[in-house]
Amino acid sequence: GGAVSFRPPAASATAESEGPWRTRSENPRERLRSFSNRAMPPERRSRARPDRRAGARPDRKTRMRPDDRAGAGPGGPFRKAAPSSQRKSPARPRAAAAVVAAEEERRLRQRNRQTLEEDKPAVERCLEELIFGDVEDDEDALLRRLRGPRVQVQEDSGDSEVENEAKDNFPLQKKPVWLDEEDEDEEMVDMMNNRFRKDMMKNASENKLSKDQLQKRLKEEFQHAMGGVPAWAETNKRKTSSDGNGHLIDSKDQPMDLFDLDESEEDEDDLLQRTGNFISTSTSLPKGILKMKHCQHANAERPTTARISSVQFHPRAQVVMVAGLDNAVSLFQVDGKTNPKIQSIYLEKFPIFKACFSANGEKVLATSTHSKVLYVYDMLAGKLIPVHQVRGLKEKIVRSFEVSPDGSFLLINGVAGYFHLLSMKTKELIGSMKINGRIAASTFSSDSKKVYASSGDGDVYVWDVNSRKCLNRFVDEGSLYGLSIATSRNGQYVACGSNCGVVNIYNQDSCLQEANPKPIKAIMNLVTGVTSLTFNPTTEILAIASEKMKEAVRLVHLPSCTVFSNFPVVKKKNISLVHTMDFSPRSGYFALGNEKGKALLYRLHHYSDF
């Protein structure tokens with residue numbers, strides 16, 4: 001009965017007003033918005049901008065008006081009014097002007113950001129939130145995330161409190177320490193093929209060491225060279241306190257002064273700013289391994305193939321004398337590198353059997369293998385003085401002799417058991433002494449008051465220089481034939497070498513009182529006759545050698561009477577037959593003379609001076 005009226009859907013009416021009729025589902029832009037709204041979480045969806053239909057888009061200049069932001073404008077969505085904190089604040093005191101300016105600047109940035117956000121589609125805004133996070137209300141958080149961690153720098157005094165607060169919020173991170181993964185791997189270090197590492201080996205089994213073991217060995221070598229841990233390497237600093245009387249006392253209970261404390265700190269600072277040799281040695285030489293270095297030959301600037309018969313260091317200068325069967329006596333400056341030649345003296349038809357400095361080092365005495373003449377070379381005057389005849393001396397050949405440590409006497413070994421005492425100043429005979437058998441070797445005591453003479457029968461005679469009387473005669477234990485004898489500089493030891501390779505070390509007091517003294521130690525490292533014996537000036541080393549076998553030389557540590565295991569290096573075989581040896585005045589160098597005409601030179605690192 002009644003007429004039925006038909007109304008098109010609301011969407012159709014809306015579509016007709018916009019233009020050609022389309023359903024919402026057919027519009028691509030509307031489908032994209034619908035998809036983005038479904039993809040966003042509910043709390044994000046509420047923030048999305050309301051749909052804008054075609055033809056209802058307001059003008060951009062109209063949106064920029066403040067009244068449209070405060071409320072709903074014609075043709076635009078409703079917007080939340082700006083908070084009261086963003087409104088223009090009344091005038092404030094001058095002290096807060098900087099804070100107000102910063103707040104106003106932040107409000108303007110936020111208003112501009114909101115304006116730009118309104119122009120973006122919902123999909124773009126959703127993707128930005130997924131990537132950068134929800135930073136709509138905090139632009140500083142986005143800046144911090146984009147910049148990442150940074151090192152805090154010194155703030156400028158002119159920055160505002162808000163900017164300083166933003167700088168303080170940046171996380172501070174230290175730079176990571178560089179660690180090499182290969183360093184953590186356990187790697188063995190070859191010790192044999194490196195000449196510096198080879199010296200640090202204690203035995204043959206240490207041909208390879210780990211890095212930790214090598215580091216520990218280097219630390220031990222450094223502490224040994226320094227005589228312990230140096231003060232500047234100690235972790236515990238020197239502590240001072242007061243004793244109640246106004247005086248400072250350090251950690252070792254030693255009184256200090258304020259001026260001394262300041263000077264010590266200045267000295268330490270000055271020490272760290274300079275370079276040089278500040279190594280201090282220990283008081284005593286350790287046994288086992290002797291740290292030494294093979295230097296350039298002492299006579300490298302004057303090479304020869306003749307046998308070296310004498311090598312001796314000058315008692316007061318850094319000079320070494322080398323003499324041999326080539327009729328020449330040469331002086332060299334010892335520096336361990338080039339050893340430049342100072343002077344050479346050639347004696348025609350005079351193959352030198354022995355050459356020796358005088359006690360004061362001003363003269364050189366030399367004898368030949370087949371001559372009765374004794375040559376004396378005065379280095380200060382540059383004159384060579386031959387001594388053809390000694391009054392009262394009937395020897396046909398003068399070969400072996402000794403100079404007393406005080407420089408007063410000259411002892412000449414004769415034949416048939418005689419040895420003669422001469423005045424060093426006038427070269428006149430003072431007196432003669434005789435022992436049973438043949439004289440094998442003789443030497444003075446350290447105080448020049450006694451003479452020790454070793455006979456071919458194995459006995460040792462002790463004579464008084466002033467009275468020329470025999471004080472004692474004792475038997476060298478186990479010796480059938482004596483070849484060499486030496487006394488220490490400190491007057492403690494007497495060493496006797498025999499033809500069987502045994503070296504007996506005696507206490508000097510027992511040699512003066514007993515007929516059969518017991519040796520402190522018998523060194524049996526040599527198997528042929530011991531022809532050379534030499535104590536070093538500090539009485540810590542005894543050098544023994546035999547000219548009958550190659551490489552037959554050893555260095556004995558005193559007072560332990562043990563042989564240093566690292567000398568000589570048997571594999572190199574560069575020593576050959578040793579005929580003479582000597583130590584420098586402060587034991588810094590050790591020299592050997594062999595039959596090949598080379599004066600081998602070694603630097604002993606334990607001793608810092610020449």
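E7 and E8 make a hairpin, with 5 residues between them. Strands here are DSSP runs of at least two residues, helices are H or I runs of at least four, and both are numbered from the N terminus. Before I go on: this is a predicted model, where local features need pLDDT of at least 70, side-chain atom pairs count only at pLDDT 80 or more, and totals for chains, interfaces and linings use all residues. Residues are numbered from 1 along each chain as its sequence is written, and side-chain values use heavy atoms, with hydrogens and water left out.

Strand E7, residues 308-313, pairs with E8 in the antiparallel sense over 5 bridges; two strands pair if DSSP finds at least two bridges between them. Ile308 stands opposite Gly324 in E8.

Why is E8 largely enclosed by the rest of the structure? Of the 6 residues in this strand, 319-324, 6 are buried, so the rest of the structure largely encloses it. Buried means under 20% relative accessible area, exposed means over 50%, and partly exposed is in between, using a 1.4 Å probe and protein chains only. Val319, Met321 and Ala323 are buried on one side of E8, and Val320, Val322 and Gly324 are buried on the other.

On we go to E9, residues 328-333, which runs antiparallel to E8 and is joined to it by 5 bridges. Val320 has Phe332 as its bridge partner in E9. The hairpin of E8 and E9 has 3 residues between the strands, and Asn327 takes a positive phi near 70° there.

Which strands pair with E32? One is E31, residues 578-583, antiparallel and joined by 5 bridges, with Thr580 opposite Gly593. In that hairpin, which has 5 residues between the strands, Ser587 takes a positive phi near 65°. Another is E33, residues 599-604, also antiparallel with 5 bridges to E32, where Leu601 is the bridge partner of Ala591. The E32 and E33 hairpin has 4 residues between its strands, and Gly597 in the turn has a positive phi of about 85°.

One last stop in that loop: Lys598 lies between E32 and E33, and it counts as partly exposed because its relative accessibility is 37%.
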